[in-house]
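Here is a short briefing on side-chain packing. Have the sequence and the 3D view ready.

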Amino acid sequence: MTTSEALQKLRRYCTYQERSPFEVYRKLGLLGLPKDRYEEVMASLMEENFLDEYRFAEAYCQGKLNQKYWAPYRISIGLREHRIPKVTIDRIFNQIPQKRVEENALYLTNRWFSSKTKEQLKAAMQRRGYSFEMINRAYQTVEEERKSSL
């Protein structure tokens, strides 16, 4: 495959959704492009604004926070799997309001309160990256709300 063919395919690949540089490197390998051409293609994609590490990290963080209700700890694990530098991760996390994370914890606790045991609920919340303290606060808040509404 020529460099221009690979570049065209990767432009479409990056246009579909935000991609991390790691995902694009993997795709380059699947396309069968020689390794000595990788840097040239990556530089071209970044120059044309098809690929942006910070933009990917921001979109990933917002998606996981707002749609999957993950906590920052779990999001950071996902970003590290995409090989995003710690400096970028820290910049992104400075933009996340703590209130939003607490609201997500309350939402999940409220949603699962009736259908899961306390241990199951805590385990599910831990898998999403919430701290023990936040899980316990959310559980107690929801428990008190439920008791007062009876």
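**Charges over rings**

Arg 19 lies over the face of Tyr 13, 3.8 Å from the ring centre. A charge sits over a ring if NZ of Lys or CZ of Arg is within 6 Å of the ring centre and within 35 degrees of the ring normal. The model is predicted: local features need pLDDT of at least 70, side-chain atom pairs count only at pLDDT 80 or more, and totals for chains, interfaces and linings use all residues. Residues are numbered from 1 along each chain as its sequence is written, and side-chain values use heavy atoms, leaving out hydrogens and water.

- The charged end of Arg 74 sits over the ring of Trp 70, 4.2 Å from its centre.

**Helix α2**

- Helices are DSSP runs (H or I, at least four residues), numbered from the N terminus.
- Helix α2 spans residues 21-31, and its buried residues include Phe 22, Val 24 and Leu 28.
- Buried means under 20% relative accessible area, exposed over 50%, partly exposed in between (1.4 Å probe, protein chains only).
- The buried residues of α2 pack against α1, α3, α4 and α5 (contact means heavy atoms within 4.5 Å).
- Just after α2, Gly 32 takes a positive phi of about 80°.

**Aromatic pairs**

- The structure holds four aromatic pairs.
- Rings of Phe, Tyr and Trp (its six-membered ring) pair if their centres lie within 6.5 Å; planes under 30 degrees apart count as stacked, over 60 as edge-to-face and the rest as tilted.
- Tyr 25 and Tyr 38 form a tilted pair, 6.0 Å centre to centre with 50° between the planes.
- Tyr 25 lies in helix α2 and Tyr 38 in helix α3, so the pair ties together parts 13 residues apart in sequence.
- Tyr 25 is partly exposed at 29%, whereas Tyr 38 is buried at 12%.

Notes
Helix = DSSP H or I, 4+ residues; strand = E, 2+ residues; numbered from the N terminus.
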